Amino acid sequence: MKITLKDGSQKEYDRSLSVYEIARDLSEGLARVACVGEVDGKLVDLRTVISEDCSLNILTAADPAGLATVRHTASHVMAEAVKRLFPNAKLAIGPSIDTGFYYDFESEPFSREDLDNIEKEMKKIIKAGKTLNKFTLPRDEAIRFMEERNEPYKVELIQDLPEDAEISFYDQGDFVDLCAGPHLMNTKGIKAYKLTSSSMAYWRGDSNRAQLQRIYGTAFQKKDELNEYLAYLADIKNRDHNRLGREMELFTTVDVIGQGLPLLMPKGTKMIMKLQRWIEDLEDNEWGYVRTKTPLMAKSDLYKISGHWDHYKDGMFVLGDEEKDKEVFALRPMTCPFQYYVYKASQKSYRDLPCRYGETSTLFRNEDSGEMHGLTRVRQFTISEGHLIVRPDQMVEEFKGCLALAKHCLTVLGLQDDVTYHLSKWDPENPEKYIGEPEVWNETERHIREVLTELEVPFTEDIGEAAFYGPKVDINAKNVYGKEDTMITIQWDALLAEQFDMYYIDQNGDKVRPYIIHRTSIGCYERTLAWLIEKYAGKFPTWLCPEQVRVLPISEKYADYAEHVRKELAKNGVDVTVDGRSEKIGYKIRDARMDRIPYMLVVGQNEESDGTVSVRSRFAGDEGQKSLDDFISAICEEIRTKEIREEVKAEENAG
């Protein structure tokens with residue numbers, strides 16, 4: 001038989017050989033590090049016997065598929081360790097993933113101590129050098145096999161396989177698991193591993209099914225690769241807004257209030273207020289928006305006109321019962337239909353367009369309880385919402401303007417390099433999910449595509465991600481764990497003006513339907529705050545900080561001068577406090593640094609005599625003495641321009 005290798009060369013053999021035997025024939029070194037074979041594009045175990053001509057690629061842990069095989073095998077080893085320590089645990093699924101692997105169990109929650117003990121048990125299994133062997137069973141026999149082991153989740157998986165599917169298992173001594181493979185030949189192939197966390201997970205991702213316990217882990221071929229990844233995880237933990245935001249007292253949650261209903265603490269509220277004031281002033285003074293303020297709820301009649309009642313009712317908080325109550329209300333999941341009636345309150349001429357309505361809108365969406373997370377997935381949130389009512393001939397330029405505003409906001413916040421752009425399209429295979437004719441959808445998607453192309457914005461196209469009434473540009477970003485969320489949306493709507501009988505009078509005196517742009521400039525304030533916490537690890541640009549300056553008197557003798565400094569800064573709009581505690585100045589400086597304060601002003605006898613302050617900052621460490629007036633002028637300019645200063649290294653700042 002002829003074996004064509006990855007480099008195009010060929011090897012001929014006069015008998016059948018396993019992938020591993022071929023690897024050993026090519027190189028003993030290759031055989032030692034080989035993880036899996038790829039035969040004619042299909043991944044197979046190294047023990048797989050080849051008996052006919054084929055192409056063969058032998059993969060190591062340096063290859064993504066080879067590393068995935070290591071991690072998949074590690075998940076089986078972990079499952080065996082769990083069964084040894086927790087015999088009553090039931091096995092669900094345990095795949096490899098991009099960052100490692102996980103396995104789901106029906107079990108009591110696992111503590112960090114449990115994970116450490118499981119790791120120790122894994123070490124024993126790996127050291128024992130257990131061979132992994134694949135075997136298959138007929139369907140009925142496979143079901144009985146798992147029923148006898150009291151593994152109901154495995155039984156369900158087998159029952160859901162096609163009638164003609166090959167039902168394969170892997171055994172490693174006493175432990176057997178349902179699995180299609182491939183796997184390493186021996187557990188000793190797992191060189192470096194770590195169990196990183198545990199959490200709750202629903203069986204098959206369905207919140208109506210059983211709650212399982214998921215253990216996450218990772219594995220690498222080399223110890224230094226594992227250590228590098230663990231350092232990365234430590235950085236993620238330090239940036240996780242759900243932990244850091246609570247530690248910094250920016251927000252909290254309370255069980256008796258409910259999931260997805262965060263409480264913004266004074267510091268977090270201060271940051272949201274700064275963002276909101278900036279956006280409102282920016283939109284109104286520089287981009288031609290006018291403010292509206294509309295109700296937080298409406299009768300179901302409004303949502304029936306818009307189509308939300310038919311297409312989005314499950315995502316709304318409904319107040320009342322249509323079968324029992326004369327009027328049924330719902331908390332608003334969006335502002336658009338409310339602003340339409342602001343538009344309709346007076347007749348508009350073609351000269352009045354575009355109408356750009358902006359509103360800082362509190363919205364409510366009935367998110368699934370399993371989706372709740374910190375500030376990124378909540379049930380009540382506030383958004384920089386806006387709707388532009390435009391003539392069709394204005395649509396393209398106004399859409400470009402919305403994109404430009406969004407990009408400006410991202411740039412000011414320092415987030416412009418952290419996003420991806422998506423053209424979210426309808427799904428023509430499921431037209432019942434949408435309103436409007438295919439011709440309208442195709443035309444509007446074409447317009448958006450041309451705008452993005454003209455502006456040289458790199459984008460991907462996502463089928464089925466459009467709203468039910470129009471395609472959109474979604475500007476997405478990933479959190480520290482790699483989960484992608486939509487931060488800003490700009491939507492092209494050529495349909496809802498008809499639903500609401502909206503029109504303007506054109507130059508001929510005729511009634512004409514306008515187009516509508518639904519957009520946000522900064523998106524959801526809560527989600528943006530979470531994004532900023534993780535981006536800056538809590539060390540925000542000065543203008544955003546809830547506390548921008550802390551005055552540190554060397555002793556109580558200089559309390560009056562410290563208060564004078566505070567008042568002068570406060571008069572100029574700077575958020576400033578005084579640390580008047582009877583502590584050593586070094587202790588106060590360390591506290592201010594731990595609190596991530598941008599500027600510390602140390603004041604003592606010399607500063608009081610000279611009318612100066614000794615400046616220490618996150619950005620340059622010890623900046624020396626400056627006159628109070630000069631410092632006020634400099635920090636006010638930094639705040640006004642929303643400058644993002646680079647941080648000094650920790651060791652430089654320690655001096």
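**Stop 1: a nonpolar patch.** Select Val-256, Ile-257 and Leu-263. Together they make a nonpolar surface patch of about 290 Å². Keep in mind throughout that this model is predicted. Now centre on Val-256, in the loop between strand 16 (251-252) and strand 17 (263-264). Val-256 counts as exposed because its relative accessible area is 80%, against a cut-off of over 50%.

**Stop 2: a stacked ring pair.** Turn to the aromatic side chains. The whole structure holds 21 aromatic pairs. Select Phe-135 and Phe-169, one of these pairs. Their rings are stacked, with 5.4 Å centre to centre and 15 degrees between the planes. Colour by secondary structure next. Phe-135 sits in strand 11 (residues 133-137) and Phe-169 in strand 12 (residues 167-172).

Which of the two is buried, and which partly exposed? Phe-169 is buried, at a relative accessible area of 0%. Phe-135 is partly exposed, at 24%.

**Stop 3: an edge-to-face pair.** Select Tyr-153 and Trp-203. This aromatic pair is edge-to-face: the centres are 5.0 Å apart and the planes 65 degrees. Tyr-153 belongs to helix 6 (residues 152-160). Trp-203 lies in the loop between strand 14 (192-202) and strand 15 (211-220). Here too distant parts of the chain are linked, across 50 residues.

**Stop 4: a ring cluster.** Select Phe-86, Tyr-103, Phe-105 and Phe-110. Ring pairs link these four residues into a cluster.

**Stop 5: charges over rings.** Select Arg-71 with Phe-220. Arg-71 lies over the face of the Phe-220 ring, 4.8 Å from its centre. Then select Lys-348 with Tyr-343. Lys-348 lies over the face of Tyr-343, at 4.8 Å from the ring centre.

**Stop 6: an exposed aspartate.** Select Asp-164, in the loop between helix 6 and strand 12. Is Asp-164 buried or exposed? Asp-164 is exposed, with a relative accessible area of 71%. How far are they separated? The separation is 8.6 Å, for residues that are 25 apart along the chain.

Notes. Residues are numbered from 1 along each chain as its sequence is written. This is a predicted model: local features need pLDDT of at least 70, side-chain atom pairs count only at pLDDT 80 or more; totals for chains, interfaces and linings use all residues. Side-chain values use heavy atoms; hydrogens and water are left out. Rings of Phe, Tyr and Trp (its six-membered ring) pair if their centres lie within 6.5 Å; planes under 30 degrees apart count as stacked, over 60 as edge-to-face and the rest as tilted. Helices (H or I, at least four residues) and strands (E, at least two) are DSSP runs, numbered from the N terminus. Buried means under 20% relative accessible area, exposed over 50%, partly exposed in between (1.4 Å probe, protein chains only). A charge sits over a ring if NZ of Lys or CZ of Arg is within 6 Å of the ring centre and within 35 degrees of the ring normal. Patches are made of residues with over 30% relative accessible area and no salt bridge: like charges are joined within 9 Å, nonpolar side chains (Val, Leu, Ile, Met, Phe, Trp, Tyr) within 5 Å. Accessible areas come from the Shrake-Rupley method with a 1.4 Å probe; for residues, only the protein chains shown count as cover. A salt bridge is a side-chain nitrogen of Lys or Arg within 4 Å of a carboxyl oxygen of Asp or Glu.
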